[in-house]
Amino acid sequence: MEQSRPLDALNKARDKRVIVELKNQKQLIGKLKAFDIHINVALEDAEERVDGEIKRKLGEVFVRGDTIIMISPA
Amino acid sequence: MEQSRPLDALNKARDKRVIVELKNQKQLIGKLKAFDIHINVALEDAEERVDGEIKRKLGEVFVRGDTIIMISPA
Amino acid sequence: MEQSRPLDALNKARDKRVIVELKNQKQLIGKLKAFDIHINVALEDAEERVDGEIKRKLGEVFVRGDTIIMISPA
Amino acid sequence: MEQSRPLDALNKARDKRVIVELKNQKQLIGKLKAFDIHINVALEDAEERVDGEIKRKLGEVFVRGDTIIMISPA
Amino acid sequence: MEQSRPLDALNKARDKRVIVELKNQKQLIGKLKAFDIHINVALEDAEERVDGEIKRKLGEVFVRGDTIIMISPA
Amino acid sequence: MEQSRPLDALNKARDKRVIVELKNQKQLIGKLKAFDIHINVALEDAEERVDGEIKRKLGEVFVRGDTIIMISPA
Amino acid sequence: MEQSRPLDALNKARDKRVIVELKNQKQLIGKLKAFDIHINVALEDAEERVDGEIKRKLGEVFVRGDTIIMISPA
């Protein structure tokens, strides 16, 4: 049986809403549209949250992978 | 059906005004003219904003990819 | 006799609960489902702890390798 | 029609005066003589500015790419 | 005569107790079971020390190489 | 006509005295003996300056490229 | 005549006592036994100094290259 890889977890989250935790202590919440091996990510209907509060509506957003700590289901 | 990649999101934003969020807590706003796989970016008619206020007109600007957090429509 | 490699230690921890220590001083605890050579990691039934206290239930989470300090059995 | 790349923007700035914004919050201003794919840069008649004030005349200067945030016309 | 390489020093320390000094100012002490070219390290019977005091028993631990400053005999 | 590259600027400075500006806010001043594509640098008759004052005579010194901001004639 | 490279400077220091300046503001002093292209270094009879005072005897120590600022004769 083939072992799963970490990117499989991202693949399962495609088209679902995710929380993207950033190194600058902010969170982005949006629908995961795309990712690549650098963990660059494209979100749709995204918004920025700081301490649980919505700070900004972003719409479609590209996030550079090296600023990301983790990604989990919203 | 082919799955979309994060750079497709940037490609759609070409020649449109975008907000480029930098790691130093500043924002650049300008027309996205070009980008590459390092997320190096060239903007036109760009200006620098800090806390929502225009701080400087930059015109044409080259931004090194590793200083960028995210890019979204302006 | 072949010498062991560091990733063997991770392999032995597969499907077991681990503590993932992050550079931002938080800990993730969950079942190790997958990892790769960048030490990108996928956890299941994960929760975030700060100073020993559970702060958040995360469920399935993808963690970018470069944010990780160490991984040990929970 | 071929799409432009970010380094094209730098190429257009060759032999012109540019502002190089550094990660340490200083600015270098000088004539752009050369650059490479790492965004290593060589300037001529360069000076260092901090908060808009000239702090030092540098003459010819080599700048390591990974210290640069952005480059724009002076 | 062939010149020694830095990893030879690590190889000599295999199966011996070492002090692993981390960038976050903590120390790990344990038996060095494995390492690779990224200086990813696997320790056995490891414990975490802060300012010379044992803070936590870790058992078997995987340490990501880029968090390590130096490794010396315990 | 071939375009100049940033390392050409360093090459011209070979065997001349240069100021090497480091990311830790110190300066090294010495004769540039060698450099490579990582901008690792070897200086001769080097001294360390902090805020314009000589702090230490170093003699021959090897400097790791990723700690360097810029190099200019002394 | 072939031009010298920065690693030649390290090679000349082999088996001699060197000062290794670290990014965490500490110094290691010891006999340089080995180095590689990442500037990973192995020292013998090493000791750690902070502000010129010996803080710790380390004996044989492996130092990860990316923590090093510079290396000079002791």
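1. A salt bridge here is a side-chain nitrogen of Lys or Arg within 4 Å of a carboxyl oxygen of Asp or Glu. By that rule, the interface of chain C and chain E has 3 salt bridges.

2. Before going on, please note that this is a predicted model, in which local features need pLDDT of at least 70, side-chain atom pairs count only at pLDDT 80 or more, and totals for chains, interfaces and linings use all residues. Residues are numbered from 1 along each chain as its sequence is written, chains are lettered from A and ligands numbered from 1 in the order in which they are written, and side-chain values use heavy atoms, with hydrogens and water left out.

3. On the contact count, 22 residues of chain C touch 23 residues of chain E (heavy atoms within 4.5 Å).

4. The two chains bury about 1,700 Å² between them, 56% of it on carbon and sulfur atoms; this is accessible area (1.4 Å probe) lost on being put together, summed over both. On the chain C side, C:Pro6, C:Ile69 and C:Met70 lose the most area to chain E, together 35% of what that side buries.

5. Finally, a look at the strands (DSSP runs of E, at least two residues, numbered from the N terminus). E5(C) and strand E4 (residues 53-63) of chain E run antiparallel, joined by 2 bridges; DSSP must find at least two bridges for strands to pair. Within E4(E), E:Val63 is the bridge partner of C:Met70.

Key. Helices (H or I, at least four residues) and strands (E, at least two) are DSSP runs, numbered from the N terminus.
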